[in-house]
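Q: Please take a close look at one part of this model, the place where the two chains meet. What is found there?

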Amino acid sequence: MENLKQTPLLPLQSGGRTVPFAGWEMPVSFDGILEEHRRVRQSAGLFDVSHMGEFSVRGPEAEKYLNHLLPNQVGGLPVGNALYSPMCLPSGGTIDDLIVYRTGELEFLVVVNAGNRAKDFAWMSEQTAGYDLALQDVSDNWALLALQGPAAPHWLQNTTGWQGKVPQARFSLTPARFGNEQGWISRTGYTGEDGFELFVPIAQAVEFASRLLEARPDPNSPGWIGLGARDSLRLEAGYPLYGHELSEDISPLEAGLGWTVPRNKNTDYIGRQALEAQRQAGIPRKVKYFVLSDRRIARPGCGIFADGRSVGQVLSGSMSPILEKPIGSLIVDSGVDFSSLEVDIRGTKLPISIQKPPLHKSS
Amino acid sequence: MSDIPANLLYASSHEWISASSTPVRIGISQHAQEALGDITFVELPAPGTRFGKGETFGVVESVKAASDLYMPASGTVIATNPAIEGDPGLINRDPYGEGWLLEIEVETDSDLGDLLSPEAYRTTIAE
């Protein structure tokens, strides 16, 4: 595949079927999306997410800057903690969703979606005017691994020759040694399971990932999980994927991320006026997650109907191997009767059951 | 290398047809099932339905995508595979055997003339 970037760990993933994704050649699946999905829920799996962007924000006013840049409460975030936040336009539309890691009193690491790396960096650079800080795109310095699933802590501890402190609390972060370099381990992830994200200095990536792979709980499985299961896991957990449930046209409030836009924040931030106006006037549309009782998957763009009237569309669709039913997300006008929605799949209208995620724990 | 049985003919849209056996069966190739990944649903026509060559007779759906199925030859559906509905993964596991889709009565043998031989199909998917 021409002109596609490869992560340093792609050579360790030779069993994967690769596809182009956000300018990268990435494995979509190793031994089947459904099988990989189940493995993460029941045991654990390893994801190469080195394609994601990492920005360093350092300086006396780094905290103040990020607190103005992002709706969520970065101000006061303790060192060694992580915070999920949308990044909004003045219109309230979403530029990206990201995680801020506070690595020091005056140092933060911001992890953004691969497809938005250039756009985010340009936007964030523009917003630095007047702040005493340095913003740097350090994506090429880091390999990022996600080790996810109930067996992830055991797997990490068992990794041959690797000894280090493992962060205990969800959304906490500890420094870690990889060879003779320093990296980070956080208790974060995007699957709805317990697990870790490991920031490994790029020169140490292949050696460390090889050791992790050797220590995998099931030596007969590939260990790696592809993009396909990464998508179905996050959808089942009810986590938005930028470009589907979040976009410059969908605000975090519409996406159901009200908890990331605290009402009582005591400083101004980009998008505040628009988001507060949306809250006051009533949020016009809502993103919801659903389960189908048919076997057909509702794909993005499929129409949603209430009493025969078009009220919205599907944003994501996949299959839950846990429920053995198709799952998805949709956006609809607020005020519709959520109990009587139908989706049009290739001309057939099927009833939709709106469920509160995590969908795999719904009845 | 993809498994391509020698006793079948192939369409460039990746369906196979067992033209020389009775009943004549239609399915999708090993290459097609690999490209689709885990198959989760198949929509097939009712027996008795007639299709022209190249017409859409159904949909095969995987976690990743839904793809139309095309008739490799004009004909009438005699039967659909009853095992597929409850276990569409049969197509992944055994695309040329237990994972067959339709049994049809072919209208004109001349429809088979421009289908791909196993060698020609191998060349097509290698491109």
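**The interface of chain A and chain B**

A: Between chain A and chain B, 13 residue pairs are in polar contact, counting pairs with both residues at pLDDT 80 or more. The model is a predicted one. On the side of chain A that touches chain B, α1 (33–42) and β15 (309–320) of chain A each supply at least two residues. The largest share of that side, three residues, comes from α1(A). By type, the residues on this side of chain A are seven charged, five nonpolar and two polar.

Contact across the interface involves 14 residues of chain A and 15 residues of chain B. The size of an interface is often given as the accessible area that is lost when the parts come together. For chain A and chain B, the buried area is about 1,200 Å². Carbon and sulfur atoms give 50% of this area. Of the area that chain A buries against chain B, 44% is supplied by A:Arg295, A:Arg299 and A:Arg346, which is more than any other three residues supply.

Charged side chains also pair up across the interface, where the rule finds four salt bridges. A:Arg346 takes part in a salt bridge with B:Glu43, and the N to O distance between their side chains is 3.4 Å.

Terms used. Residues numbered from 1 in each chain as written. Chains lettered and ligands numbered in written order. Predicted model: local features only at pLDDT ≥ 70, side-chain atom pairs only at ≥ 80, totals over all residues. Heavy atoms only, no water. Contact = heavy atoms within 4.5 Å. Buried area = accessible area lost by both parts, 1.4 Å probe. Polar contact = N/O pair within 3.5 Å; in protein donor to acceptor, adjacent residues only side chain to side chain. Helix = DSSP H or I, 4+ residues; strand = E, 2+ residues; numbered from the N terminus. Nonpolar A, V, L, I, M, F, W, Y, C, P; charged D, E, K, R; others polar.
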